[in-house]
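Keep the model open as you read.

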Amino acid sequence: MSESKKSTIPPYVKALSGSIGGIVEASCLQPIDVIKTRLQLDTSGTYKGIIHCGATVYRMEGVRALWKGLTPFATHLTLKYTLRMGSNAMLQSAFKDSETGQLSNAGRLLSGFGAGVLEALVIVTPFEVVKIRLQQQRGLSPQLLRYKGPVHCARTIIHEEGLRGLWAGATPTVMRNGTNQAAMFTAKNAFDGILWKKQEGDGKALQPWQSMISGFLAGTAGPVCTGPFDVVKTRLMAQGRAGGKMKYKGMVHAIRTIFAEEGLLTLWKGLLPRLMRIPPGQAIMWGVADQVTGFYERRHMHNNATL
């Protein structure tokens, strides 16, 4: 019993594993995120689908346009995963039974939801506002672009819209991320146990491909469940407050307006590119993160347990 309570990976190790995984994921999957954002903001039917959108961006703006917003995206992912993995580990420790050291399914869900809410408020919302404003710009000439880069974009938003402008769409972001992480952490643990008989702290090292399969499967449910939150988040973040004219007044008003003007399916617009990005992104992140935590388990936990 005492050994099981000791077999816990420290939050700082989880945080480090998330930061490394975030850097790798961002570098690989940025073009899909650009395409997803363009499709969600396309109200005039300019793009006919994922391939057409990507080809149009490449043809009209060049290949570098597919990596627009990479700096805030990579920074955002690295900080987000650091906070997500670290805070989830701390919350799980708080929810563990004091006698047995075991974590219930409800505790795992609440830990994931709490980590998602925290990352949404501290990291995700302001970084995604900047990323989306940069991604929605179209054109080749830097002189014609309103925002010259992530720092200029953030400063412009604060100057024209106030600090609150960086937290546009915070409510749907909180709902999306909280739900996503509650499902993801619970599903990842379940798939590790079902597929590979892996439990945290047992010293068993998963191969990267095993972690990637578990991560991929764990990352599929969230986008389907939280599609409307993601579309509304993008619309709220993309609109500015500078002119005083805001089409959407908040999350509920945005959902009702989109449904009335564009139909129910529009609330899941961009779902396919999300499914093309999030599950592979989780596969990449977990493939890297599990190697970091696995190294710690082998060096500092399993060896000590065998002494």
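α6 has twelve residues and spans 16 Å from first C-alpha to last, close to the 16 Å expected at 1.5 Å a residue. That expected span is 1.5 Å times one less than the number of residues. Helices here are DSSP runs of H or I, at least four residues, numbered from the N terminus. This is a predicted model: local features need pLDDT of at least 70, side-chain atom pairs count only at pLDDT 80 or more, and totals for chains, interfaces and linings use all residues. Residues are numbered from 1 along each chain as its sequence is written, and side-chain values use heavy atoms, without hydrogens and water.

Which residues of α6 are buried? They are Cys153, Ala154, Thr156, Ile157 and Glu161. Buried means under 20% relative accessible area, exposed over 50%, and partly exposed in between (1.4 Å probe, protein chains only). Down the axis of α6, the buried residues fall within an arc of 165°, so they line one face. The arc is taken from the directions from the helix axis to the C-beta atoms. The face turned away carries the exposed Val151, Arg155 and His159. After α6 comes Gly162, with a positive phi near 85°.

What lies over the buried side? The cover includes α5, where contact means heavy atoms within 4.5 Å.

Now the largest nonpolar core, with 13 residues. Such a core is a set of buried Ala, Val, Leu, Ile, Met, Phe, Trp, Tyr and Cys residues joined through side-chain atoms within 4.5 Å. Val129, Val130, Cys153, Ile157 and Leu166 touch the most other members. α5, α6 and α9 each supply at least two residues. α5 gives the most, with four.
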